[in-house]
Amino acid sequence: MIKKILTIATITVISGGLIWGAINRTQAKSETGEAGRGRYGQTSAAAEEAAYHTTGGRGNGYGAQNLGGGQGRLAGGYSDHSGPGNPTGSYPLTDAEKDALLYMVEEEKLAGDVYLKMYEVWGLPIFQNIAQSEQQHQQAVANLLQAYGITNPASNQTGVFVNPDLQALYDQLIAQGSQSQAEALRVGALIEELDIFDLQQRLAQTANPEVQQVFNNLMNGSIHHLSSFTVQYQRESGAAYQPQYLSADQLAQLLGTGTYGQAGNANGGSRGYRGGRN
């Protein structure tokens, strides 16, 4: 009788332990999922960077949330922040807006071209994946140019630019990024900072809703990319990323919120390269 009671007690304890463990594992999984997500349903920079670092951005489940109304997902699991895909071209377009489109289509090309080169040199998946996203960004601006009957100046040749300032910047960044993996990641963050700064300035000069939508979406994409580059730069170099175009307060605010979405907000400070702006 005593042996039977002990057997039942042992089974009860084991069963209780298994149930308790299953509950804890489920809770931990849930907490991990929540920790990897920021405001507006985004993945955190750390979670996204870890996905790039370990899986090359493929099949990792990230990128399902669009930051700024972008359309669909890229093959590497990275969100497309470009949208809209079919502008009408039916709104008035000023000379400043035309200049903005001509400049930004080449700046987006610069980002993609540099990242492809850095992937070729260092083989880091983050460059390949974000380069795919930059191709979508460039196409979004190209769609606006086409809709408004403006000839697209972007060359089909990698590393070739009509704007001389962007050509000089491309050459400079390739040389800098080829020095080390840390410098390559620093270059990536620098490009995204520059993109954010330029988009802020251009948004302040436009009332065209189609231009605003695309530029705001590109802004959100650049913030997302900047988060990834700064996290991986710190991991690679052991030092926190220091902003080169934005102020430290701006950088902290952008990376803390993970979204922009305010057309015409041009409250940023300027540092370093200023070529190509009006």
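From the N terminus on, the elements of the protein chain run α-α-α-α-α-α-α-α. This is a predicted model, in which local features need pLDDT of at least 70 and side-chain atom pairs count only at pLDDT 80 or more, while totals for chains, interfaces and linings use all residues. Residues are numbered from 1 along each chain as its sequence is written, and side-chain values use heavy atoms, with hydrogens and water left out.

Me: What makes a stretch count as a helix or a strand, and how many of each are there?
Reply: Both are DSSP runs, numbered from the N terminus: a helix is H or I with at least four residues, a strand is E with at least two. The protein chain has eight helices and zero strands.

Me: Why is Glu-107 called buried?
Reply: Buried means under 20% relative accessible area (exposed is over 50%, partly exposed in between; 1.4 Å probe, protein chains only). Glu-107 has 3% relative accessibility, so Glu-107 counts as buried. Glu-107 is found in helix H3. Across the protein chain, buried residues make up 48% of the 278 residues.

Me: Which residues is Glu-107 in contact with, leaving aside its neighbours within four places in sequence?
Reply: They are Leu-166, Leu-194, Asp-195 and Asp-198. Contact here means heavy atoms within 4.5 Å.

Me: What makes a set of residues a nonpolar core?
Reply: Its members are buried Ala, Val, Leu, Ile, Met, Phe, Trp, Tyr and Cys residues joined through side-chain atoms within 4.5 Å. The largest such core has 54 residues, and Leu-110, Val-114, Tyr-115, Phe-127 and Phe-215 have the most contacts inside it. Helix H6 (181-203) gives this core two or more residues, and the largest share, 12 residues, comes from H6. As for Phe-215, the residues it touches include Ala-100, Leu-101 and Met-104, not counting those up to four places away in sequence.

Me: How do you know where a pocket is, and what lines the largest one?
Reply: Rolling a probe the size of a water molecule over the atoms shows where empty space is left. On a 1 Å grid over the protein atoms alone, a pocket is an open set of points where a 1.4 Å probe fits, with protein on both sides within 12 Å along at least five of seven lines; lining residues have an atom within 4 Å of a point. The largest pocket is lined by 15 residues, with Lys-109, Asp-113, Gln-138, Ser-155 and Asn-156 nearest its centre. The largest share of that lining, five residues, comes from H3.
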